[in-house]
Amino acid sequence: MKNTIKFYTPIALSVLIFANCNAQKKANSNTIVLKNTSNIEVTQKAISIKRNQLSVNNQIGTYPILIYKNDTIPAQVNDLDGDGKWDELFIVTDFSPKEVKTTTLRWSDTDPKFSIKTSVRFGKREAKNLPVHPATDEVLMANQVHKKLGYQKYQTDGPSWENDKVGFRHYLDGRNSKDVFGKKIPAITPEDVGINSKGAVEDNYHVMYDWGRDIFPVGNSAGLGGFALLIDNKINRLGIIGSDTINNIEKTTFKIVSEGPVNSVLSYNYQNWEASGNKYQAQETTSIWPGMYGYKNTISVNGLKGKETLVIAYSNLNNQNPLQVINAGDFVCFILHDKLTYERQWILGTAVIVPKAVYKGYIEAPKTGKLTDSYLIKLSAKNNQQVSYYPIAGWELSADSNFKDSAYFTNYVTTLAKQLSAKIKVEVK
């Protein structure tokens, strides 16, 4: 067959180039329609759009650019399973009641440099005389806990995470408690929180800085959002207390899954957790995004025999006021408001928002034992069934000084629960 050479007039050539550019642009974009199906206003709504919902075969560029009218909605992609390919497009945006947003998703090789509104910090040292270095993962064996080692291995006792409103930390050293950093400013806190100028671990965050400080006493509670199993009326803590030298979890694996401007995700895998003579496998995923005075925690347990109840720990240290339990949307809200901080110095509202579908009541923790000073929120559990809940903390010195008022904090929590219940319909064209 002879090769055929085609010649185009200048006008025809221009039309062809324009058509090719449009075709390329279309192949490199999606129209995404977001609809608030609820009758309420929803602020800072987190939306996950799965990769398989999008046309990414011809994805050109690394960074997602989501355009709505003349604005860009901050977005990022997350690789949740660690296979080197992103799994979800994550965005946070506001909706008026029943609002529909028609957006265009394009891809860019240039980082759009969205404002950084979430962060994870994790540092560790391999020996007492070595400096802390940043890390993204860790494996902790049962005999490597704080008391056994004789020194604190981790910056801030384990990973910390934050958004523009509030910060938290997880005691990875075997205790698995959740603590609260009160933030006075929206900026991300300094990288050297928890270490000194020589890179040694140092408790330098229980004093006030311009950004804030650690404000929450934990003791032998599991803090704000730790968890345990109730088996035959016995509380089985996930992990140990500070004076123990051996963990009840054979192997703990931690990983920073994602850290980005609008979402940071942490993962914990607890292998062979021994409780009441049985061994359980547990998984925990922590996710934080801007705008909310809290975070989302998702947990699942395998090895259940049918007699266990999952309990979410809710510290009541320093509390002298009644507990409020209020239904809101798809959730049950547990709310405390008092001088819940160290030495009852400041007013702090705390809450745990749990799904109504699995809620089974609550009890108070024993006065002695491995998990004390807490309300324990009971949830039904099935093997490998994921349960998500939301620990919340509103400090009177935060950006919203109204948190000093009890009624205001209660309204914030119940409104948030209703907003979390609001469903956003996602349609990709």
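This is a predicted model: local features need pLDDT of at least 70, side-chain atom pairs count only at pLDDT 80 or more; totals for chains, interfaces and linings use all residues.
Glycine 294 counts as buried, because its relative accessibility is 0%. The glycine sits in the loop that runs between β20 and β21. Setting aside residues up to four places away in sequence, glycine 294 touches Asn163, Val166, Phe168, Ile288, Pro391 and Ile392. Two of those names, Phe168 and Ile392, will return when I come to the core.

Let me now turn to the chain as a whole. How many helices and strands does the protein chain have? There are 3 helices and 29 strands. The radius of gyration is 24 Å, close to the 22 Å that the globule rule gives for 429 residues, so the chain is as compact as a globular protein of that length. Taken along the principal axes, the C-alpha atoms fill a box of roughly 90 × 50 × 50 Å. Of the 429 residues, 52% are buried. Among contacts with a separation of 6 or more, 68% are made by residues 24 or more positions apart.

As a general matter, nonpolar side chains in soluble globular proteins tend to be buried together. In this model the largest nonpolar core has 75 residues, and Phe168, Phe227, Trp273, Tyr314, Ile353 and Ile392 have the most contacts inside it. Another core, of 19 residues, lies apart from that one, and its members include Val42, Val56, Phe95 and Ile424.

I move on to the open space. The largest pocket has a volume of about 1,100 Å³. Which of its 41 lining residues are the closest to its centre? They are Ala46, Phe90, Trp289, Lys296 and Tyr390. Several elements each supply at least two residues of this lining: β2 (42-50), β6 (88-95), β18 (249-259), β19 (264-275), β20 (278-288), β21 (296-302), α3 (406-421) and β29 (424-428). β20 and β21, then, both contribute to the pocket lining, and the loop between them is the one that holds glycine 294.

Leaving aside neighbours within four places in sequence, tyrosine 408 is in contact with Asp400, Asn402 and Phe403. Tyrosine 408 and lysine 184 are 224 residues apart in sequence, and their C-alpha atoms are 18 Å apart in space.

Tryptophan 211 is found in the loop between β14 and β15 (212-214). Is this residue buried or exposed? Tryptophan 211 counts as buried, because its relative accessibility is 7% and the cut-off for buried is under 20%. Apart from residues up to four places away in sequence, tryptophan 211 touches Phe181, Gly182, Lys183, Lys184, Ile185, Thr189, Pro190 and Val193. The C-alpha atoms of tryptophan 211 and proline 186 are separated by 8.3 Å, although the two residues are 25 apart along the chain.

Finally, two points of backbone geometry. Most residues other than glycine have a negative phi. Lysine 113, which is not a glycine, has a positive phi of about 55°. Lysine 113 is placed in the loop between β7 (100-108) and β8 (118-121), and at 66% relative accessibility it counts as exposed. The second case is asparagine 233, with a positive phi near 65°. Asparagine 233 lies in the loop between β16 (224-231) and β17 (234-237), and it counts as exposed at 74% relative accessibility.

Notes:
Residues are numbered from 1 along each chain as its sequence is written. Side-chain values use heavy atoms; hydrogens and water are left out. A nonpolar core is a set of buried Ala, Val, Leu, Ile, Met, Phe, Trp, Tyr and Cys residues joined through side-chain atoms within 4.5 Å. Buried means under 20% relative accessible area, exposed over 50%, partly exposed in between (1.4 Å probe, protein chains only). On a 1 Å grid over the protein atoms alone, a cavity is a set of points where a 1.4 Å probe fits but cannot get out, and a pocket is an open set with protein on both sides within 12 Å along at least five of seven lines; lining residues have an atom within 4 Å of a point. Grid points are joined across faces, edges and corners, and a volume is the space filled by probe spheres set on the points. Helices (H or I, at least four residues) and strands (E, at least two) are DSSP runs, numbered from the N terminus. The radius of gyration is taken over C-alpha atoms; the globule rule is 2.2 Å times the number of residues to the power 0.38. Contact means heavy atoms within 4.5 Å.
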